[in-house]
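The following paragraphs lead the reader through one protein model. Please keep the sequence and the three-dimensional view at hand while reading.

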Amino acid sequence: MKRRLLYLLTAGLFLLFAAPLHAQRWAVKSNLLYDATTTLNLGVEVGLAPKWTLDVSGNYNPWTFSDDKKLKHWMVQPEGRYWLCERFNGHFFALHALGGEFNLSNLDLPFGTFSALENSRAQGWFAGGGVGYGYHWILGNRWSLEAELGLGFIHANYKRYECGHCGEMLGRGHKNYLGLTKAALSIIYIIK
């Protein structure tokens, strides 16, 4: 798992640093919605052209909560953005990919997304992609706020276990999901 995370982060950083660096604007961000779920996250966005940026975010949740509830996961989400006015200002459309691994148990996810998790544990990987729309508000010279929603597809492969630390394996499965793939309300610091 750690080796795959290292490969994905290295690939994302390569994409960011492969862009020409002269006269570019950079942004560092944190998604407050992920923060609310105790998921550590950090995003970096770089200007590629007057109306194009590349955003790469990484998320990590290592915690086990009371009653053996787990939302453990890591995820990398690269995204290309087209800005309607100018980059880092106003409306944008996006195309994103996502991938990672998870270890979830004793969760009641909204809309019956993964109903098997209410009484068992699932561990596996996921990958997908989607499209998004967002808006960026400039708060000051370097600070901004951004909101984005994305819709798309996710495929997950997993093994199901009885609840508990070392529960017996109940079987293997996969899940295909079509719906919300990104929700962000991010606080941003612009690096000029």
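The side chains of D55 and K182 meet in a salt bridge, with N and O 4.0 Å apart; a salt bridge here is a side-chain nitrogen of Lys or Arg within 4 Å of a carboxyl oxygen of Asp or Glu. This pair links distant parts of the chain, since D55 belongs to strand β3 and K182 to strand β8 (residues 169–191), 127 residues apart. Strands (E, at least two residues) and helices (H or I, at least four) are DSSP runs numbered from the N terminus. Both D55 and K182 are buried, a term that means under 20% relative accessible area, while exposed means over 50% and partly exposed lies in between (1.4 Å probe, protein chains only).

The model is a predicted one, in which local features need pLDDT of at least 70 and side-chain atom pairs count only at pLDDT 80 or more, whereas totals for chains, interfaces and linings use all residues. Residues are numbered from 1 along each chain as its sequence is written, and side-chain values use heavy atoms, with hydrogens and water left out.

K182 has a further partner: its side chain meets that of E148 in a salt bridge of 3.3 Å, N to O. Here strand β8, which holds K182, is linked to strand β7, which holds E148, across 34 residues of sequence. K182 counts as buried because its relative accessibility is 6%, and E148 is buried as well because its relative accessible area is 3%. Salt bridges with shared partners join K29, E45, D55, E79, R81, E146, E148 and K182 into one network. In general, side chains of opposite charge can pair when their charged atoms come close.

Another pair of this kind is E45 and K29, whose closest N and O atoms are 2.6 Å apart. E45 lies in strand β2 and K29 in strand β1 (residues 26–31), so the pair ties together parts that are 16 residues apart in sequence. E45 is buried, at 0% relative accessibility, and K29 is buried at 6%. By the rule given above, the salt bridges number ten.

Where is E146 placed? E146 is in strand β7 (residues 143–162), and it is buried, with a relative accessible area of 2%. Its side chain makes polar contacts with the side chain of K29 at 3.1 Å and with the side chain of R81 at 2.9 Å. A polar contact is a pair of N or O atoms within 3.5 Å; within protein, one must be able to donate a hydrogen and the other to accept it, and residues adjacent in sequence count only if both atoms are side-chain atoms. Not counting residues up to four places away in sequence, E146 touches a set of residues including E45, W83, F92 and W137, where contact means heavy atoms within 4.5 Å. E146 and G90 are 56 residues apart in sequence, and their C-alpha atoms are 9.1 Å apart in space.

Q77, found in strand β4, is buried at 0% relative accessibility. A polar atom of the Q77 side chain lies 3.4 Å from the backbone oxygen of T181. Leaving aside neighbours within four places in sequence, Q77 is in contact with several residues, among them Y34, D55 and K182.

Y34 also takes part in the largest nonpolar core, which has ten residues, including M75, F102, F126 and I154. A nonpolar core is a set of buried Ala, Val, Leu, Ile, Met, Phe, Trp, Tyr and Cys residues joined through side-chain atoms within 4.5 Å.

T38 sits between α2 (32–36) and β2 (40–49) and is partly exposed, with a relative accessible area of 32%. F88 lies between β4 (70–83) and β5 (90–105) and is buried, at 2% relative accessibility.

Taken as a whole, the protein has two helices and eight strands, which follow the pattern α-β-α-β-β-β-β-β-β-β along the sequence. Of its 192 residues, 40% count as buried.
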